[in-house]
Amino acid sequence: MEPFENILERFFARLTGPLNLRFVLQPLMAILLGIRDGVHDAKAGKPPFLLDLFARPQNRKRQIQKALRSLLIPMLVAIILDGVVQYLLFGWVRIMGAVTIGVLIMGLPYVIARAVTNRVISWRNRTAVSTSVKTSE
């Protein structure tokens, strides 16, 4: 149980230590990027990102590359900032910890925001089309 407690302790130290505002700003940036890409997906008639990622394996590589291209700079910033915070708090840097935190605070909000935005806009477009069809009849 010791290693798990140590991981939680280091995580909570990051939340309360220097540069802790990044846990708000970086996910917010990821959400905005996800909304932007979700709108593009909905306008292009593409299925939600996660559904397309898992349902169509032939497109998986292209989808991941496209998402990473959109998130590359913000995710690198998140990883580097976490490395800086680790150094300030603990005096050393664990690369896998920085990558994990970077992916969690940038990748997860991005994927969720992209999928939800696509769903909402697609639903609104279908509702608008069905309403206009009913009124024209």
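Select phenylalanine 90, which counts as partly exposed because its relative accessibility is 23%; buried means under 20% relative accessible area, exposed over 50%, and partly exposed in between, computed with a 1.4 Å probe on protein chains only. The model is predicted, so local features need a pLDDT of at least 70 and side-chain atom pairs count only at pLDDT 80 or more, whereas totals for chains, interfaces and linings use all residues. Residues are numbered from 1 along each chain as its sequence is written, and side-chain values use heavy atoms, leaving out hydrogens and water.

**The aromatic pair**

A search of the whole structure finds one aromatic pair. The rings of phenylalanine 90 and tryptophan 92 are stacked, because their centres lie 5.1 Å apart and their planes meet at 20 degrees. Rings of Phe, Tyr and Trp (its six-membered ring) pair if their centres lie within 6.5 Å, and planes under 30 degrees apart count as stacked, over 60 as edge-to-face and the rest as tilted. Tryptophan 92 is partly exposed, at a relative accessible area of 33%.

**The overall fold**

Display the whole chain as a cartoon. The protein has five helices and zero strands, where helices (H or I, at least four residues) and strands (E, at least two) are DSSP runs numbered from the N terminus. Of the 137 residues, 33% are buried. Among contacts (heavy atoms within 4.5 Å) between residues at least 6 apart in sequence, 76% join residues at least 24 apart.

**Helix 2 against helix 4**

Select residues 22-43 (helix 2) and 60-90 (helix 4), which pack at an angle of about 170 degrees with their axes 11 Å apart. The two helices are therefore roughly antiparallel. Axes are lines fitted to C-alpha atoms, for helices over the stretch in contact, and angles run from 0 to 180 degrees between N-to-C directions; angles under 35 degrees count as roughly parallel, over 145 as roughly antiparallel, 65 to 115 as roughly perpendicular and the rest as oblique.

Show the side chains at this contact: helix 2 contributes Arg22, Gln26, Leu33, Arg36 and Asp37, and helix 4 contributes Ser70, Leu71, Pro74, Val77, Ala78, Leu81, Asp82 and Val85. Seven of these residues are nonpolar, two polar and four charged, with Ala, Val, Leu, Ile, Met, Phe, Trp, Tyr, Cys and Pro counted as nonpolar, Asp, Glu, Lys and Arg as charged, and the others, Gly among them, as polar.

**Glycine 34**

Remain in helix 2 and select glycine 34. Is glycine 34 buried or exposed? Glycine 34 is buried, as its relative accessible area is 0%. Its contacts, not counting residues up to four places away in sequence, are Tyr110, Ala113 and Arg114.

Lysine 43 is exposed, at 69% relative accessibility. Its C-alpha is 8.2 Å from that of isoleucine 121, 78 residues away in sequence.

Finally, move to lysine 46 in the loop between helix 2 and helix 3 (49-55). Lysine 46 is partly exposed, at 27% relative accessibility. Not counting residues up to four places away in sequence, lysine 46 touches Asp41, Lys66 and Asn118.
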